[in-house]
Amino acid sequence: MHLLLTGISPRAVRVLFDNEFHPSCLEASIKKEYGKLYDLKKKHVINAAQWNLLFPSSGAPNSNTFDVTLMVALLRNLTNFPPPVGGYDQLPMCLDTTPTADLARIKHYRNQLAHHDDGKIKSTLFTTAWEDISGAVRRIGGQHMEEECKELRSKHLDQSTVPWNIRVQIKSYRYSKTVNLQPGRHK
C-alpha cells in the first residue's frame, strides 16, 4: 500500500497536473497566480518548502519535484475544476469518478494510512483502499498505470523493493519482540 501511495499515485496525479499546467507554461502560470499563491502560503496551505519549489532560487519550477499535497493544492485553488460532491476532505462516494473526486480519494487514503501507527490495516480496508486508489490512478493516470498497480499488488517484496524506512520499522518491530524494551528496564 505504501508503494502504491508513494510511488504510483503521485505520478498519476502529476499526469493530471501536467495536463492542466503544461510543463512549458508552468513557470508563467505560477508567476501569474503569485497573489493567490501568497495567500495560500499565509493560510498555511502551502508551506515554506513547497513555496521554494514553486519559486526556486535558480531555474524554473518543475512538477517532478512537487508532492501530491502541493499538486492537489494547486489544482484545487488555481483551476476551475468543480470540487467533489463532499469536498476534498471527505472520501468521495464510489460512483463519483470525476478527476477531483479521484484526487480527494488518493488524498484521503494517503492521510488515513499515514496515521496508522503500527503499519497494520484490516484486510477489508486494504482491499477497498487498493481498489479505490488503483481505480483513481487508472482514471487520471492512464491504463498503463493500472497495469503497474496490478503488478505491484502481486509483486514479491524483498529487501530491494521495500523502502529503507519501512525496512527499519520492520527491524525495530522484530527487535522489540525479541527484547523487552519497557521504559526503565534496560541500562
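Is Asp-102 buried or exposed? Asp-102 is buried, with a relative accessible area of 0%, where buried means under 20% relative accessible area, exposed over 50% and partly exposed in between, computed with a 1.4 Å probe on protein chains only. The structure is a predicted model, in which local features need pLDDT of at least 70 and side-chain atom pairs count only at pLDDT 80 or more, while totals for chains, interfaces and linings use all residues. Residues are numbered from 1 along each chain as its sequence is written, and side-chain values use heavy atoms, with hydrogens and water left out.

**Overall architecture**

- The protein has 9 helices and 0 strands, helices being DSSP runs of H or I with at least four residues and strands runs of E with at least two, numbered from the N terminus.
- The order of elements from the N terminus is α-α-α-α-α-α-α-α-α.
- Of the 187 residues in the protein, 33% are buried.
- Among contacts with a separation of 6 or more, 60% join residues 24 or more positions apart; contact means heavy atoms within 4.5 Å.

**Packing of α1 and α7**

- Helix α1 (residues 2–20) and helix α7 (residues 123–141) have axes that come within 8 Å and cross at roughly 30 degrees. Axes are lines fitted to C-alpha atoms, for helices over the stretch in contact, and angles run from 0 to 180 degrees between N-to-C directions.
- This crossing makes α1 roughly parallel to α7, since angles under 35 degrees count as roughly parallel, over 145 as roughly antiparallel, 65 to 115 as roughly perpendicular and the rest as oblique.
- The crossing of α1 and α7 is left-handed, meaning that the near helix is turned anticlockwise from the far one by less than a right angle.
- On the α1 side, the residues in contact are Leu-4, Leu-5, Ile-8, Ser-9, Ala-12, Val-13, Val-15 and Leu-16; their partners in α7 are Trp-130, Ile-133, Val-137, Ile-140 and Gly-141.
- This contact comprises 11 nonpolar, 2 polar and no charged residues. Ala, Val, Leu, Ile, Met, Phe, Trp, Tyr, Cys and Pro count as nonpolar, Asp, Glu, Lys and Arg as charged, and the others, Gly among them, as polar.

- Met-1 lies in the segment before α1 and is buried at a relative accessible area of 19%.
- Leaving aside residues up to four places away in sequence, Met-1 touches Leu-113, Ile-121, Phe-126, Ala-129, Trp-130 and Ile-133.
- Met-1 and Ile-133 are 132 residues apart along the chain, with their C-alpha atoms separated by 9.5 Å.
- Asp-102 belongs to helix α6 (residues 99–114) and, not counting residues up to four places away in sequence, touches Thr-97, Ala-136, Arg-139 and Ile-140.

**Aromatic pairs**

- Rings of Phe, Tyr and Trp (its six-membered ring) pair if their centres lie within 6.5 Å; planes under 30 degrees apart count as stacked, over 60 as edge-to-face and the rest as tilted. The count by this rule is 8 aromatic pairs.
- Phe-17 and Phe-21 form a tilted pair, at 4.9 Å centre to centre and 35 degrees between the planes. Phe-17 is buried at 0% relative accessible area, and Phe-21 is likewise buried at 8%.
- Tyr-34 and Trp-51 have ring centres 5.6 Å apart and planes at 65 degrees, so the pair is edge-to-face. Tyr-34 lies in helix α3 (residues 34–42) and Trp-51 in helix α4 (residues 48–54), 17 residues apart.
- Tyr-34 is partly exposed at 39% relative accessible area, whereas Trp-51 is buried at 10%.
- Tyr-34, Tyr-38, Trp-51 and Phe-55 are linked by ring pairs into a cluster.
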